[in-house]
Amino acid sequence: MRAVEIQEYGGPEVLRVVEAEVPTPGPGQVSIDVAYTGVNFADLKARADGYRVPALPFVPGLEVSGHVRALGAGVTGLAVGQEVAALTQGGAYADVVAADAVTVFPLPPGVDLRTGATLPTVLPTAYALIHTVGRLQPGETVLVQGAAGGVGTVLGQLARAAGAGAVLGVVSSAAKAAYAREHGYDEVFVTSSTTPSFAKEIREATDGRGVDLALDPVGGETLRASLDSLAPFGRLVSFGNASGAQPWQVGQPDLYPLALSVSGFSILTLAQTSPAELRALTERAFRTVLDGVVSLPVTAEFALPDAAEAHRLMGTRTSTGKLLLRAHGTDGDADLA
């Protein structure tokens, strides 16, 4: 089978197509004939910096859709040939991947394989940020960093459906701002490396009060500005460190004056520490697609051997929505939706 492998860290050019052995599922696992693989920013960090890479060579990729190929010992509730979506710990840039059965989810009727590949990381993450960790209440205001990305696109829709009083976003370009406004955001602020601060604008947009919930995948100074944007009793949830900045500490002097709280979420860590909770969360999240609450546009699709091009596009920070790799059908150039 084909796989896209990292043999050294670096730019997109280090992604190499190789012939690899078809994985055999171990106990509690299934193997999946991959139809589509989702491209995530974590894949770029793995390629460039070794993020969550246990050793080289390494095949990246955290989410797939496809058909169950084989069942490992002890697996129940799944059948060979069944259409599924799965969260993996890597290895998804391939024609076949093995995944723990607890993170393999049958696709509901009406959800096709292309849509299914957009769901395993983005949808449960967004659902947890709004409902489980963020605990958004009707009428509250929400601030989302990276509002035009995959998670940001779903967050705007979920917040709107949950009855948010106002949904505010932060993006890096005017084009992304226009996209975000089409997906649930009331107001979107554009920042850049030369004008990274947005706390003042958020205060002005909320008549000086600030927001009740801030959701931040960027880290560093952006995370600090998100904290500075909170209203009394506000909550900040960190769910990534795209900036690569060193972690900072927050303590009593930051939290006590306005009774603020700070929490974190990582779907990959939850998959390791509490897979049963992840499964319950994912099943609730998937229902929002069936109910028509959210949709995640696929804005670019690449053949599996063109994974480097997908990384180049995501690395420009100009992409919106979701990027996919196609592991079946005719290989070719990227198809823009």
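Visitor: What should I know before reading?

Guide: This is a predicted model, where local features need pLDDT of at least 70, side-chain atom pairs count only at pLDDT 80 or more, and totals for chains, interfaces and linings use all residues. Residues are numbered from 1 along each chain as its sequence is written, and side-chain values use heavy atoms, with hydrogens and water left out.

Visitor: Is strand β8 buried or exposed?

Guide: Buried means under 20% relative accessible area; exposed means over 50%, and partly exposed lies in between (1.4 Å probe, protein chains only). Strands are DSSP runs of E, at least two residues; helices are runs of H or I, at least four; both are numbered from the N terminus. In β8 (residues 141–145), five of the five residues are buried, so the strand is largely enclosed by the rest of the structure. T141, L143 and Q145 cover one side, V142 and V144 the other.

Visitor: Which strands pair with β8?

Guide: Two strands pair if DSSP finds at least two bridges between them. β8 pairs with β9 in the parallel sense over five bridges. There, L143 partners L168. β8 also pairs in the parallel sense with β11 (residues 211–216), over three bridges. There, V142 partners L213.

Visitor: Which residues lie nearest the centre of the largest pocket?

Guide: On a 1 Å grid over the protein atoms alone, a pocket is an open set of points where a 1.4 Å probe fits, with protein on both sides within 12 Å along at least five of seven lines; lining residues have an atom within 4 Å of a point. Here, F41, G146, P217, V218 and A242 lie nearest the centre, among 45 lining residues.
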